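Here is a short briefing on one protein model. Look over the sequence and the structure first, then read the points below.

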Amino acid sequence: MPEPLLEVRDLTKHFPIRKGMVVVRQIGAVRAVDGVSLTVGRGETFGLVGESGCGKTTTAKIILLLEQATRGSILFDGHDIFSLSARKVGWYRSATQAVFQDPYSSLNPRLRIKEIIAEPMKAGRKLSRSDMKARISEVLDIVGLPSRAKDMYPHEFSGGQRQRIAIARALGPAPQFIILDEPVSALDVSIRAQIINLLKEIQSQFELSYLVIAHDLALVEHISRISAVMYLGKIAEFAPSRELYSQPLHPYTKALVAVSPRPDPRQRGRGFVLSGEVPSPANPPRGCRFHPRCQYKTAACSEEEPALREVSSGHQVACHLY
């Protein structure tokens, strides 16, 4: 097991629901993230999978300090990030970067590429103008773009090239950890493999740690060592990625695997197709949050919330069937 770099413990984020114009009162809360714990080792990739609205992106925003946690703690390289000094916050923001889903909206269309890449670099270590120019050319070369690209605008590039620019921007401050939020889902199928291979090469070269957020289990199985499946703000299953994909235990994970693309048509259709909609995180079901959509539910499922239990080495599942 690699040494831990990022440790998330009991992370919780509840967005208050308020009512009233003059007298404002809280009438409830949206439980976007509800007690999530995970650990990302140095130089490894951790996958976080789930449907839209399950809390994956909110978790990422808290790690990036874009949202404030309701409860819980996050340790990065041994430092509690919720109690960092202003100087240390600058260090953390440089050490932790992100590549977002849509390369068409994540790049400022009014800025030249050199200005886009320079932005996160200004938040951390102070570089001279010549060092900044050299670093911009260096990261463009790393992602396979010519140095002349720095004087161009985002609209002059294709989607795949824009995502390379987004990766170059993340590499600018020489981070230790990068969050990849659906990094290839907005790209053409023909270039997804190129971006995935580029990310793996960069990780190997610079010993980076990744947190990959996706709804596609097949992508996560390919790129990550460890994966967790989220449902309605909670971790439903946690296991080595290949084992999670080949031997899913939680009914929700089985349903995700069943709809994942497979090269062999004979392997498709395992598990079952989900029925119904994801319940509202403002009013989650009592007991197991998945039980209204589960064909294996028992009486206990609607009464008692299952704990995340280890059923084999490194494989944990929150389900009363185990």
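Two strands pair if DSSP finds at least two bridges between them. Helices (H or I, at least four residues) and strands (E, at least two) are DSSP runs, numbered from the N terminus. This is a predicted model: local features need pLDDT of at least 70, side-chain atom pairs count only at pLDDT 80 or more, and totals for chains, interfaces and linings use all residues. Residues are numbered from 1 along each chain as its sequence is written, and side-chain values use heavy atoms, with hydrogens and water left out.

**The sheet**

- Eight strands make an open sheet: the 8 strands follow the order E6-E7-E8-E3-E9-E10-E12-E11, and their pairing is mixed.
- Strand E6 (96–99) and E11 stand at the edges with a single partner strand each, so one side of each has no neighbour in the sheet.
- From one strand to the next, the twist averages 25°.
- Axes are lines fitted to C-alpha atoms, for helices over the stretch in contact, and angles run from 0 to 180 degrees between N-to-C directions.

**Strand E9 and its partners**

- Strand E3 (residues 45–49) and strand E9 (residues 226–231) run parallel and are joined by 4 bridges.
- Gly47 stands opposite Ser227 in E9.
- Phe46 has Ile226 of E9 as its bridge partner.
- E9 and E10 run antiparallel, with 6 bridges between them.
- Met230 stands opposite Ile235 in E10.
- A hairpin is formed by E9 and E10, with 2 residues between them. Leu232 in the turn has a positive phi of about 50°.

**Helices on the sheet**

- Which strands does helix H2 lie across? Helix H2 (residues 86–95) lies across E6 and strand E7 (177–181), and runs at about 40° to E6.
- Helix H5 (residues 159–171) also packs on the sheet and touches E6 and E7 (contact means heavy atoms within 4.5 Å). The direction of H5 makes about 175° with that of E6.

**Buried elements**

- Buried means under 20% relative accessible area, exposed means over 50%, and partly exposed is in between (1.4 Å probe, protein chains only).
- Why is E9 largely enclosed by the rest of the structure? The reason is that 6 of the 6 residues of E9 are buried.
- Both faces of E9 are covered. Ile226, Ala228 and Met230 are buried on one side, and Ser227, Val229 and Tyr231 on the other.
- H9 has 7 of its 8 residues buried, so H9 is largely enclosed by the rest of the structure.
- The buried residues of H9 are Pro251, Tyr252, Thr253, Ala255, Leu256, Val257 and Ala258.
- The cover over these residues of H9 includes E3, helix H7 (217–223), E9, E10 and helix H8 (241–246).

**Salt bridges**

- Side chains of opposite charge can pair when their charged atoms come close.
- A salt bridge is a side-chain nitrogen of Lys or Arg within 4 Å of a carboxyl oxygen of Asp or Glu.
- How many salt bridges does a search of the whole structure find? The search finds 11.
- Glu7 and Arg9 form a salt bridge, with the closest N and O atoms 3.5 Å apart. Glu7 counts as partly exposed because its relative accessibility is 23%. Arg9 is partly exposed too, at 34%.
- Arg71 forms a salt bridge with Asp10, where the closest N and O atoms are 3.4 Å apart. This pair links distant parts of the chain: Arg71 is in strand E4 (residues 71–76) and Asp10 is in strand E1 (residues 4–19), 61 residues apart. Arg71 is partly exposed at 42% relative accessibility. Asp10 is partly exposed at 34%.
- Glu305 and Lys234 meet through their side chains in a salt bridge (3.1 Å, N to O). They also link distant parts of the chain, 71 residues apart: Glu305 is in the loop between H9 and E11, and Lys234 is in strand E10 (residues 234–240). Glu305 is partly exposed at 41% relative accessibility, and Lys234 is partly exposed at 22%.
- A network of salt bridges links Glu3, Arg42 and Asp77.
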